[in-house]
Amino acid sequence: MCYAIPGRVEAMDERFVTVDYFGEKKRAINELSDLRIGDYIYAQGGYVIQALPEQEARSILSVWKETFFELQEMDLQLSRLDMKDRGVDKKTLRLLDKAAESRPLSGEELYHLLNLENDHERSMLYKTANFLRRKHLGNSCCVHGIIEFSSYCPRNCFYCGISAHNNKLARYRMTDEEIYAAVDEAVEKHGFQALVLQSGEDPEFPAPRLAGIICEIKLRHPCLIFISVGEIGIDGLRELYDAGARGVLLRFETSNPELYQTLHPGYSLDSRIAHLKAAYEMGYLIITGGLIGVPGQTKRDMLNDILLARELHSEMYSFGPFIPHPGTPLADKTVAPVEQILNTLAAARIADPDNAKILVTTSFETADPEAREKGLMAGANSVMLNVTPERFRECYEIYPNRAHLHESIPVQIETTLNLLRGLGRAPTDLGV
Ligand code: SAH
């Protein structure tokens, strides 16, 4: 199972290497001391993950070569843009034209696009976002795995089913050995090269313990580790970076400080943002974003959320709908309409056309079974598969009836690959 095809190192300068994929050049950060020009490597999330023997690489590439160009061709066909549309308001058409030319849009212009309501105009918005995705980032689609290793959490996030509000949830925490076994399976059996380790803010997993776990994983496997454990503290972030973590998934949830306070009494948006800024300074890849349609959020907030994610140097934008959980104070609230979710993904793509990975979240998939296809055709280019052992998944109930809850890892992989192939996407992360 191959999520990243091998590339050949063409040039090296200090931290970076240039990698060739069938003639396409990508740059990636290299931390392997013995890497040489001409070596074949796997890269993931902009990092060189490992080198592999030339013969093995050549044989994988010979199988891939035809498919690689076929997929690109299909993607090209599906992402063509025809701007000569009569049914679209002049202002909208002008803005979409501007976006398609990769000229930066002002906040007000993005706001206009984010709030398009007419079906026809929306469809043009999604097509423009999809066009930009292909133009700048090609047909690669990130497929990260996520392991949810503990559902203990003392925090009081109003929307979250694993928050302290929910006293009905059977909590679990995986042992270190169980975490290693889940990682071994994801990497060795299924070929994942990028894994997110996620949990509540479990006091049983302080930074030194997490650092030990990350060190052990890095000793066992070449893979890219993202941590998603909430606010571990700036020193904690440093400790986990030194242990080998290279990415942080930490949503700021909402860019509106008052709304943040309402949803997280006693906690501050500033502290969340300080973590994200410090993590970026340390060299972490940043995945951040927020909730779409959380009660109290305005349309302005939504725009500001996208702009904040960009300001925080998101390498991946993670925006998903709020889904009410019966064990929380927001139990009786509703989910945002699918169109609002798609508008957000498309506006994020237009705000950051040439850099962003944009995730189709599991919450979106829970709100709409066709979310992946719709999202990937509206500017998104990333998905995450749940590789938590099945026996624990039900207890990580951030919201009810999560998509793929009872799907085995092989089934998730197969359905994802089939969907990606049908859309002309390569399940590979070709680096920065
Ligand atoms: N403790 C970690 C992980 C939290 S759970 C942290 O603080 O980052 C991961 C994400 O799930 C959260 O960032 C939140 O945005 C999302 N989430 C929680 N409850 C949700 C709900 N009811 N609907 C949709 N997303 C939710």
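Which side chain does D75 meet in a salt bridge? R133 is the partner, with 2.8 Å from N to O.

## Before we go on

This is a predicted model, where local features need pLDDT of at least 70 and side-chain atom pairs count only at pLDDT 80 or more, while totals for chains, interfaces and linings use all residues. Residues are numbered from 1 along each chain as its sequence is written, and side-chain values use heavy atoms, with hydrogens and water left out.

## Salt bridges

Back to D75 and R133. D75 sits in helix α1 (residues 54–78) and R133 in helix α4 (residues 119–137), so their pairing ties together parts 58 residues apart in sequence. Helices here are DSSP runs (H or I, at least four residues), numbered from the N terminus.

A salt bridge means a side-chain nitrogen of Lys or Arg within 4 Å of a carboxyl oxygen of Asp or Glu. By that rule, the count is 28. Another one of them joins E31 and R246, whose closest N and O atoms are 3.1 Å apart.

## Two domains

The domain assignment (automatic or from a database) gives domain 1 (7–63) and domain 2 (137–423). Their centres, taken over C-alpha atoms, are 28 Å apart. In contact (heavy atoms within 4.5 Å) are 9 residues from domain 1 and 13 residues from domain 2.

Together the two domains bury about 880 Å², 52% of it on carbon and sulfur atoms. Buried area is the accessible area (1.4 Å probe) that two parts lose on being put together, summed over both. On the domain 1 side, Q44, Y47 and I49 lose the most area to domain 2, together 55% of what that side buries. The rule finds 1 salt bridge across this interface.

## A helix pair

Now for α5 (residues 176–189) and α6 (residues 207–220): their axes come within 11 Å and cross at roughly 35°. Axes are lines fitted to C-alpha atoms over the stretch in contact, with angles from 0 to 180 degrees between N-to-C directions. Residues making the contact include I179 and Y180 of α5, and I213 and I217 of α6.

Conventions:
Helix = DSSP H or I, 4+ residues; strand = E, 2+ residues; numbered from the N terminus.
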